[in-house]
Amino acid sequence: MELYLLNLLFILAHFNNNVLFSILISKILKFRNKSHWGTVYVLSLIISICINFSAYTITISPTVTYVFLTLLYVLHVFILFEGSVLLRLSCAFMAIIHLLSMSASIWAVVSLVGGHSLLTISSNPTYLIIIRVIVATICSTEMGLVLRNTSPESFQLIGRNHQRIKMLFLKLFFLLIVLIANSSFFNESWFKREIFLYQVVFGLCMIGVFYTALRLMIQYEATDKELTTQVECEGLTGLYNKMTTEKLISEFIETKQDGVLFMVDLDNFKAINDNLGHDKGDQVLQEMATELKAIFADADVIGRVGGDEFIIYFKTSVPNLHDKVLNVHKNLTKTYSDGHINVTVSASLGIANVMDDTTTFKELYRFADIALYQSKKRGKNTFTIYNDITPELHPTK
């Protein structure tokens with residue numbers, strides 16, 4: 001009965017560890033489908049049960065057992081998440097490396113304290129399951145601390161650079177091979193204090209190398225992202241500059257996906273500069289950029305392409321288009337004052353959809369510009385969709 005309860009406790013502890021692992025990986029990769037948590041729980045339970053039964057095979061062949069567990073985690077990641085093969089393999093390796101490194105240290109500590117060989121300990125079912133519960137609990141605690149102390153943005157940086165992914169994969173693969181090779185140590189029937197002390201240090205070093213590699217990858221990517229941002233974004237608003245905006249939208253159009261381009265032009269902005277000064281004008285642009293980022297938080301591209309002209313692009317259709325436009329008019333209509341001088345700014349919009357024969361950014365931009373002109377002509381602070389304009393106003397192809 002006692003052994004049964006210990007096995008149940010191990011399954012629960014390892015189930016918790018697997019769920020935390022899935023949450024961590026979800027910060028790096030995207031789930032395959034929206035109803036993913038049911039699958040996460042089922043797979044986590046299956047892996048926990050399989051690892052519990054691996055207690056009966058580890059004394060026969062630790063190497064085969066750990067290879068099998070590695071394959072389980074690979075299946076876990078590939079079933080739940082989408083992304084590049086190397087990145088998904090790297091994520092799966094993280095879990096098993098974490099587990100094997102901690103196991104090597106804890107097993108060696110228990111052996112040193114008790115003065116027994118690893119084979120003697122692993123042959124005792126009670127000792128074996130207690131050690132495994134301790135390992136699963138420590139791994140869960142470490143996983144929770146990592147999730148708590150690392151921002152989601154930091155995890156996402158790992159998957160943004162293919163070269164970095166290759167480096168991470170190779171490092172993790174090397175660590176995994178070393179740990180699996182070291183697992184043959186579990187079959188030894190002799191005890192020597194110096195050797196087991198080495199195992200403790202070895203396991204701790206593997207954990208240190210693992211976390212150091214992960215941290216360095218994140219720091220490298222953060223530096224690259226900062227440098228990229230300086231090149232791609234303009235300094236005043238932090239939005240994409242004109243060149244980057246055109247480049248990104250052109251790449252989306254080439255995929256032949258549905259897309260929608262919003263061209264936003266501030267009404268009466270010149271009056272701000274003329275009457276309130278250019279410093280106030282810069283402040284207005286920054287405020288407007290902040291509002292646009294909030295309204296179009298789900299957009300694929302937000303850029304400033306002119307003095308008071310902004311472009312927002314969605315690579316798919318926008319079902320709540322009218323709601324977004326209403327929010328633009330509501331949040332971008334503001335009055336700025338200096339003494340007795342009051343200037344009210346608002347926003348006019350021109351909207352164009354990617355059509356079957358749309359092949360370039362310049363063409364889509366021209367359509368949105370024509371729609372914007374109609375909005376200005378109709379009294380400003382309104383919007384026009386290019387496809388709704390009467391045919392005689394369309395440009396000739």
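**Aromatic pairs in close-up**

The predicted model holds 14 aromatic pairs, counting rings of Phe, Tyr and Trp (its six-membered ring) whose centres lie within 6.5 Å. In this predicted model, local features need pLDDT of at least 70 and side-chain atom pairs count only at pLDDT 80 or more, while totals for chains, interfaces and linings use all residues. Residues are numbered from 1 along each chain as its sequence is written, and side-chain values use heavy atoms, with hydrogens and water left out.

View A. Phenylalanine 21 sits in helix 1 (residues 2-26) and tyrosine 73 in helix 3 (residues 62-80), 52 residues apart; helices are DSSP runs of H or I, at least four residues, numbered from the N terminus. Both phenylalanine 21 and tyrosine 73 are buried (under 20% relative accessible area; exposed is over 50%, partly exposed in between, with a 1.4 Å probe and protein chains only).

**View B. Phenylalanine 93 and phenylalanine 173 form a tilted pair.** Here the centres are 6.1 Å apart, with 35° between the planes. Because phenylalanine 93 belongs to helix 4 (residues 85-114) and phenylalanine 173 to helix 8 (residues 162-182), the pair ties together parts 80 residues apart in sequence. Phenylalanine 93 has 6% relative accessibility and so counts as buried, whereas phenylalanine 173, at 39%, counts as partly exposed.

**View C. Five residues share one aromatic cluster.** Look for Phe15, Phe31, Trp37, Tyr41 and Phe81.

Conventions:
Rings of Phe, Tyr and Trp (its six-membered ring) pair if their centres lie within 6.5 Å; planes under 30 degrees apart count as stacked, over 60 as edge-to-face and the rest as tilted. Helices (H or I, at least four residues) and strands (E, at least two) are DSSP runs, numbered from the N terminus.
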